[in-house]
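Dear colleague,

I am handing over the structure that I promised to pass on to you. Please open it first, and then read the notes below alongside it.

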Amino acid sequence: MKRREFFKKAAVTAGAAALGTTAAEAGTTHQPIDNRKISDVAFPEKRPLITYSDRPPLLETPREVFTCALTPNDQFFVRWHMPDIPTYIDPDKFTISVNGMVNKALKISLKELKEDYEQVEVAAVLQCGGNSRSAFSPTAGGIQWGNGAMGCALWKGVRLRDILDRAGVKKGAEWLAVRGSEKAAYYETPDFIRELHLDELDDHVIIAYQMNGEDLPYLNGFPVRLVIPGVYSDSWIKMIDNITVSDKYEKLFFMDHAYVVPDNECECETPEKKFPKTKPIYRMNVKSVIGYPTNGDKLTLKSQAVVRGVAFDGGAGIKTVKISLDGGKTWEDAILDSGKLGRYAYRTFRYSFKPKKLGKLEIMAKAINKLGEEQPLAKDIKWNHGGYKYNGIDVVTVEVV
Amino acid sequence: MKKIVLTTLIALTPMMAQVKEKIEVPYVAFPIKMGKGFDVVQANCLMCHSFGYIINQGRQSKAFWRGKVDKMIVHFKAPISEQDAKIITDYLFEHYGNGKEK
């Protein structure tokens with residue numbers, strides 16, 4: 001069957017997926033939508049997840065997974081841009097081409113990648129720039145994610161720097177265009193390419209072939225993807241097949257129009273008056289998400305309850321996570337894990353308390369990083385047209401019974 | 001003899017993928033409102049992504065939907081005629097609209 005017929009077939013089935021809820025109050029940022037159902041359809045190598053689209057696959061991790069420091073591969077979120085992703089790759093034949101302004105163009109096989117280069121590991125959070133987009137009002141264009149377009153994994157691979165050194169970057173080269181193998185259904189749609197400035201390549205930037213000790217799942221970019229710790233996931237190109245070194249920056253749709261925020265102090269604007277100058281989103285801001293309890297859970301009166309969650313930022317590292325049970329009037333420190341996974345990974349936190357009053361209880365979590373940056377209240381986050389970089393204080397409402 | 005086979009196997013293991021055959025991405029049924037103009041939506045909007053992609057924007061104004069259709073044409077080069085663009089906007093606004101022009 002051809003793809004077009006596939007789409008037709010998919011299109012006419014009436015089914016159960018829910019239409020996105022509309023924003024609560026116009027004009028104020030609020031908690032992201034959190035009541036989305038887990039689909040009953042499991043995608044390849046995944047457990048059933050919150051499913052926004054099948055072509056391209058868009059899957060969100062449910063909140064309760066955010067109690068662990070490493071997100072299991074089969075629950076890790078999935079986000080593609082184009083409908084046409086290779087569904088089979090022969091690991092013996094696959095190569096990554098390195099070309100352009102290099103002394104020696106390379107075609108690196110998976111075997112060479114695993115055997116001829118120094119192997120390195122880094123634990124890092126992968127988060128979509130549009131994670132939690134459903135918090136913005138009016139609706140910002142794009143997938144209306146809840147909090148689950150993020151995950152943290154232990155990535156294993158080879159430093160991009162080492163590969164470029166082997167190819168030998170020519171004098172005057174400044175840019176690196178990394179292309180993924182996903183293809184649009186229509187030939188004129190721009191390819192998904194990311195450009196990196198050579199200065200951005202520190203030792204933590206790797207081409208990874210392993211995630212949490214396993215092959216990358218197909219839907220997370222098998223066989224190799226870029227890992228740029230601390231940086232939003234639109235830069236973490238999946239299924240890399242080509243790297244071109246150049247002295248010129250080419251205007252690209254996904255960098256210059258899609259993943260951008262207003263280039264002003266607050267990175268904000270209004271729907272009526274969009275800010276004319278934009279910049280690509282890049283380093284992640286400080287954020288935390290409560291994994292347990294989740295909205296609507298019941299806690300038992302006077303019985304010890306333990307709030308758990310994860311916190312991260314763009315690489316400065318988390319200093320504290322604070323919890324409030326009184327609407328933000330008073331805050332107490334949660335206990336953080338040892339931090340042994342490093343500054344780019346989730347820090348898990350836990351906070352135990354005894355619920356003292358029956359009825360509704362709001363649990364708030366706020367992370368503060370080592371630079372002193374802290375999460376703002378949702379309502380204080382200003383709008384941007386792409387709905388990027390939401391990092392409001394997380395709030396979960398439970399019932400004490 | 002057996003031992004040798006085993007060691008070669010181990011040496012080869014890292015080269016074998018976890019998934020050794022073509023993956024099949026399942027189809028998910030998204031609810032679609034039938035109505036005037038649906039055939040035009042089907043012909044123009046499902047070539048690059050599923051219906052799920054379109055409807056999870058929530059209920060929106062007519063201008064919002066027109067903007068989306070234009071975005072598809074301008075940025076993603078969707079080959080859609082002005083006449084079809086109008087029909088699609090009307091369909092989306094009728095079924096996924098919030099009643100407001102702007």
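**What was found**

Phe51(B) is buried, with a relative accessible area of 2%, where buried means under 20% relative accessible area, exposed means over 50% and partly exposed is in between, for a 1.4 Å probe and protein chains only. Please keep in mind that this is a predicted model, in which local features need pLDDT of at least 70 and side-chain atom pairs count only at pLDDT 80 or more, while totals for chains, interfaces and linings use all residues. Residues are numbered from 1 along each chain as its sequence is written, chains are lettered from A and ligands numbered from 1 in the order in which they are written, and side-chain values use heavy atoms, with hydrogens and water left out.

Phe51(B) belongs to helix H3 of chain B, residues 51-55; helices (H or I, at least four residues) and strands (E, at least two) are DSSP runs, numbered from the N terminus. Setting aside residues up to four places away in sequence, Phe51(B) touches Phe30(B), Pro31(B), Ile32(B), Val41(B), Leu46(B), Tyr91(B) and Tyr96(B), contact being heavy atoms within 4.5 Å.

Thr139(A), in the loop between E6 and E7 of chain A, also counts as buried, at 13% relative accessibility. Beyond its neighbours within four places in sequence, Thr139(A) is in contact with Gln144(A), Gln57(B), Gln60(B) and Phe64(B). With Gln60(B), its side chain makes a polar contact of 2.7 Å between side chains; such a contact is a pair of N or O atoms within 3.5 Å, where within protein one must be able to donate a hydrogen and the other to accept it, and residues adjacent in sequence count only if both atoms are side-chain atoms.

Chain A itself is divided into domain 1 (1-283) and domain 2 (287-400), with bounds from an automatic or database domain assignment. Between these domains of chain A, 52 residues of domain 1 are in contact with 35 residues of domain 2, and the buried area is about 3,700 Å², of which carbon and sulfur atoms give 60%; buried area is the accessible area (1.4 Å probe) that two parts lose on being put together, summed over both. Gln31(A), Arg63(A) and Phe136(A) supply 17% of the area that domain 1 of chain A buries against domain 2 of chain A, more than any other three residues.

Kind regards
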